[in-house]
Amino acid sequence: MTASLATGVLGFVFWTIAARGYSAAEVGRASALITSATLLATLSNLSIGSLYERFLPVAGTQARRIIASGRTVIVCAALLLGACFVLVGPTDTLFTTPLELWLFPVFVVILGIFAIQDQTLIGLGRSRTVATKNISQSTIKLILVTALIPVGTGFAVVWAWVIPASLIAFWVGMSTIRRRARAMAGPGALPQPREIAQFYAGSLGITAVGVVVPLVVPLVIVTRLGTEMNAYFSICWLVVSTAAILLHATAAPFVATAAEPDADIRSATIRLIALCGGAGIAGCLILIGIAPWILAIMGPQYAESGTDLIRLMALTLPTVSFVTVYTALARVRRRLRLAVVVQCIFGVVVLCGIVFAADRWGIIGVGYVYLAADIAVVLLLLVPGVRLIRLALDPATTSASFSGTPVPTAASNPTAASEPDRRMTTR
């Protein structure tokens, strides 16, 4: 959570420095390149990180093989996606030299590896390293983007973003992930490949909707309301999505902790609800109160046009907390079908609703649609969500029974098998 909050704040500072030190055209070019590379890096991860969060804690000696296999897949996917972007994307507008063109797929690989390390570290039980890693990268890129102002090009801004990511990714991979994976012992307790495949398919569906909706919504706004209104929406989205990312950050460590065979599922669930729910309510109240001052930093027009929108979207944060808690518990339980269906319904409601609402109410209509879609999702998940939370909070529920983690059988543990016989003999 600290990493997510710090990264959001420092990212805001990064673009403020860029806007003041570089021309608007070069900032726009850099923003498009970084956004495209980040999106492609996210897609190249292919939701492998969800497997790391859920199954690395019980992988045992297989952890090294799982991490290496996933990294290979991500590198190949990132190179392929980066190359496709170079071939079919707006290269004449975004790239000014052949070197920039050739380096873009490499940048996608670097950002893909940097991103997957968060979930790798969480799966290996090193969540605190995520904060050190991301805050370090965000701090160094502020120094670099300032130092490169004399260069004055958009690609200099891209270098300021990518160079720290490459250095820190190499350092974390060699110093922490490699050492921690080697220390993993035991045969592990992985479920059957079919069950892992079903879990992966559900996670991939949730990730796909989470990527497609933020990608398409700005395009709809530009088409219906114009680029100026999209600028106001983008700043509001940056602020609210930073708060939402803070809520989602509570889920991954919970999944990794609750997946362990000897975990205290009740205690972990209480902490998850307290952190995620508390952050959702606090974030909602804080954003409603300080929205005008946040937007005034960007200019009076942003404050005038975006204050009501950011306050309306802030009301979605408590609903996001509930959905995050439900999805985290469903990941531990390896039952994601309902979560995927509901996420798809959310995406359809948002994309279709914005087309109608933008024409009728303008930019504020986007806030109405997001709030209505989130409320609908909570209503759909309310009964199964409450049941799942009650099961997790039941003192009689063990981590193994809740998550379906394989337990030693009589054949694999003769001592455990003989213990009931001795108790029966005693009786």
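Mentor: Contact here means heavy atoms within 4.5 Å, and helices are DSSP runs (H or I, at least four residues) numbered from the N terminus. This is a predicted model, in which local features need pLDDT of at least 70 and side-chain atom pairs count only at pLDDT 80 or more, whereas totals for chains, interfaces and linings use all residues. Residues are numbered from 1 along each chain as its sequence is written, and side-chain values use heavy atoms, with hydrogens and water left out.

Trainee: Which residues of α13 and α16 meet?

Mentor: From α13, D308, L309, L312 and M313 are in contact with I364, V366, G367, Y368, Y370 and L371 of α16.

Trainee: And at what angle do those helices pack?

Mentor: Helix α13 (residues 300-314) and helix α16 (residues 364-393) pack at about 0 degrees, with axes 9 Å apart, so they count as roughly parallel (under 35 degrees).

Trainee: Staying in α16, is D374 buried or exposed?

Mentor: D374, which is found in helix α16, has 9% relative accessibility and therefore counts as buried (under 20%). D374 touches T316, T319, V320 and F346, leaving out residues up to four places away in sequence; the C-alpha atoms of D374 and T316 are 6.4 Å apart, although 58 residues separate them along the chain.

Trainee: New topic: which side chain of opposite charge is nearest to R331?

Mentor: That is E53, 5.1 Å away, and buried R331 has no salt bridge (a side-chain nitrogen of Lys or Arg within 4 Å of a carboxyl oxygen of Asp or Glu). R331 lies in helix α14 (residues 317-333), and its contacts beyond four places in sequence include S50, R54 and F199.

Definitions and conventions. Helices (H or I, at least four residues) and strands (E, at least two) are DSSP runs, numbered from the N terminus. Buried means under 20% relative accessible area, exposed over 50%, partly exposed in between (1.4 Å probe, protein chains only). Lys and Arg count as positive and Asp and Glu as negative; His and the chain ends are not counted. Axes are lines fitted to C-alpha atoms, for helices over the stretch in contact, and angles run from 0 to 180 degrees between N-to-C directions. Angles under 35 degrees count as roughly parallel, over 145 as roughly antiparallel, 65 to 115 as roughly perpendicular and the rest as oblique.
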